Amino acid sequence: MATKPPTTDIDESRLHVTRPKKVAVGVPAVLHALQIANEQMGVTRSIRTLMQVNQKDGFDCPGCAWPEEDKRHIAEFCENGAKAVAEEATVRRVGPDFFATHSMEDLRGHDDWWLGQQGRLTQPMILDEGATHYRPISWDDALGEIAASLRGLDDPDEAVFYTSGRTSNEAAFLYQLLVRGLGTNNLPDCSNMCHESSGSALTETIGIGKGTVSIEDIHEADLLIVAGQNPGTNHPRMLSALEKAKARGATIVAINPLPEAGLLRFENPQTPKGVILGGTKLADQFVQIRLGGDQALFQAIGKHLLEVEEREGGVLDRAFIDTHTVGFDEYVDEMSRVAWSELETATGVSEASLRHVAETVRTSKATIVCWAMGLTQHKHSVPTLRDVVNVLLLQGNIGRAGAGVCPVRGHSNVQGDRTMGIYEKPSEAFLEALDREFSFTAPREHGYDTVEAIRAMRDGKVRVFLGMGGNFVSATPDTRVVEDGMSRCDLTVHVSTKLNRSHVVTGRRAIILPTLGRTDRDARAGGEQRVTVEDSMGAVHASRGRLEPPSSDMLSEVAIIARLCALVFADAATGVSPRNAAPAHDGDVDRDQVERTAAEEASGPDPAGVEAAANIPRADWAALEGDYSLVRAHIERVIPGFDDYEKRIAKGRTFFLPNGPRDGRRFATASGRAHFTANPLEYPRIPEGRLLLQTLRSHDQYNTTIYGKDDRYRGIHDGRRVVLVNAEDIAALGFADGDIVDLVSEWPRTDGSLEERRAEAFRIVEYRTPRGNAAAYYPETNVLVPLDSTADVSGTPTSKSVIVRLERPAAS
């Protein structure tokens, strides 16, 4: 049966370390997943719920975005997927009694694991200014308070609207419509912190900010390069696809600073080979690269291919290059200038080993490169990913079977959110379609991304913060700056399924709106509803929960947003505009005059004229709340690729959105071709006596949700405050394995001095990391990531390259 939530935080004094594992999944993974499911849901509920995960008539896993094959297993989930489902489908509850018992001071003192373990939120709660406890509030009053705050802004840019990747297509589409109807593009989202670098590089080079492969391509690839990614923890179902590719003869090259069990050997618990015969060795080559050295590695591959082509010929796909690309000569010139000695220094890998990897690429008939945060969270991430594309273009590995780019997204609908318009820099084509559909003029001025939103909150420019899912405070960099910025807001609102840090670090007033999760049955006026999501490879499918919601009056995200739209835009009949009467792209317009004109028209006899004066989106919000197919009808008319939306998701079907490079080697770039780019080599320089730190997840964690206290693949048990350091670095810095240290990050100011940030009391763990590199878990180390340390072009926080020193704690 399910167990009660913990009463205490993680006790770091119990932390102990064992040898890292060399194999992933297997029977231990099954047992661990079932243990957590039983603790959260009980046996019967666990079986009934897990059998619906990723099934055609079931719900999409709330974890990662890895796609399903058309034919489904009876158990179509992984260990971490089971944990994610258990966390959401838990029978534990956080209601008014909980908040009456726990003051804000008490809640702030607990760690992220304890907060998340308390259970599902059941009722809207409000924290009044100066209050010590949240108190219950009705749905009508809560939504009325939010709408009044939004309508009372002096400028719509005084509000920020954050989005988590678990938000459905339908909710995301309505959310961006609410925001643009209000008059701003302040739509930061989790993409800004993870794959924004991928989107920037891919849009520039191949004309689309997404991957170009399908799950079938993974199976058909001759070579799979997995770089800066740990699928054993972050996307475990990817291991099954890699295993299938291996069975068909594929070679796998793993490139990572840490040796990860999931890329060494995979024991598939759904096959006899995995359970009895020792599983499958996945990586044929493991390249242990220095943090930030990936651009150099891909430049080494490209340089080798060009050198062999010049000597022997037959390496490059000349027909593809001549027909479908531009910029080849400039790329060749750049690669001729880079020295092999510099590539060795940047990667920490010998020239012979680099050439060995490049030879594997040269002899491949079809190559896919997969990557995740290890490539996207550096200052030079965008140039790195341009060089990934360069290598693939050399051999025509875009737009043919078994080949292409594969940025592996994290949250289950993070890509769909962007497709739906959750973006601070929307395209003109999208906005024009939105204008036509809803008879208003959306703002054109770009909004805040995540880092810009934090700066604006820090500077007192944001009065209202609304988070649609996620845990903004724990997910973002420079934790203390974020917490201070949140406290400066007049009102912070979070639409959430469970308690998290963002509910206890608030503005002067705060509202929590509980919402349905993926596992919950969603019964509206139009009957039981389904939502849709887009996976990591651009495929869209439906999701429908089956469990009874945690409380009888629970609202879905779609319903919450639709009701907010109805309240915020209610004044169309009276002509009072919500600060959006002047189109942002129409030049200098006196907004006050526009609103005075609207008010004057409101007093006249012409209601049609009144409606024309108020620049707000027109829709039947109550109908959209009651029937999500009506939301999908709007999506179909606004966003290309959703034709016959309702019919195509019927009976569990999946459909692919258009993808020019994949579908027909069409590239929506300025030239109409794919772009080779010439990128000067960049890599981190580590000062003497310092380490370069990467933040990462433990195995009992998904993003900021912490399922448990272990990272069994890395041998860490019953604790999280560890820093993984090379044995030679430990000795050189004057420490020993097991010492307790503070991590102090250093960031140069413009005057040459250093800003410092401190994370206290971490145990040093001797680990097989490259010299000069270290690793520790987030969100505990997000405090070390400077707000202004961001990737060029994309603005992504550089969480994989933080300069730190180790210090012994001050004597107490």
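Predicted model: local features only at pLDDT ≥ 70, side-chain atom pairs only at ≥ 80, totals over all residues.

Residues are numbered from 1 along each chain as its sequence is written, and side-chain values use heavy atoms, with hydrogens and water left out.

Let me begin with the helices. Helices (H or I, at least four residues) and strands (E, at least two) are DSSP runs, numbered from the N terminus. Helix 1, residues 26-41, packs against helix 3, residues 79-88, at an angle of about 0°, and their axes are 9 Å apart. Axes are lines fitted to C-alpha atoms, for helices over the stretch in contact, and angles run from 0 to 180 degrees between N-to-C directions. Helix 1 and helix 3 are therefore roughly parallel (angles under 35 degrees; over 145 is roughly antiparallel, 65 to 115 roughly perpendicular, and the rest oblique). Contact means heavy atoms within 4.5 Å; the residues making it include Ala33 and Ile36 of helix 1 and Ala82 and Val85 of helix 3.

Six strands form an open sheet with mixed pairing, in the order 6-5-18-17-16-7. Two strands pair if DSSP finds at least two bridges between them. Strand 6 (135-136) and strand 7 (159-163) are at the edges with a single partner strand each, so one side of each has no neighbour in the sheet. Strand 5, residues 125-127, pairs with strand 6 in the antiparallel sense over two bridges, and Met125 is opposite Pro136 in strand 6.

Finally, the two residues. Is Ser745 buried or exposed? Ser745, in strand 30 (residues 740-748), is buried, with a relative accessible area of 1%. Buried means under 20% relative accessible area, exposed over 50%, and partly exposed in between, with a 1.4 Å probe and protein chains only. A polar atom of the Ser745 side chain lies 2.9 Å from the backbone oxygen of Leu784.

Leu107 belongs to helix 5, residues 104-108, and is likewise buried, with a relative accessible area of 0%. Leaving out residues up to four places away in sequence, Leu107 touches several residues, among them Phe98, Trp114 and Leu499.

Thank you for your attention.

Methods:
Polar contact = N/O pair within 3.5 Å; in protein donor to acceptor, adjacent residues only side chain to side chain.
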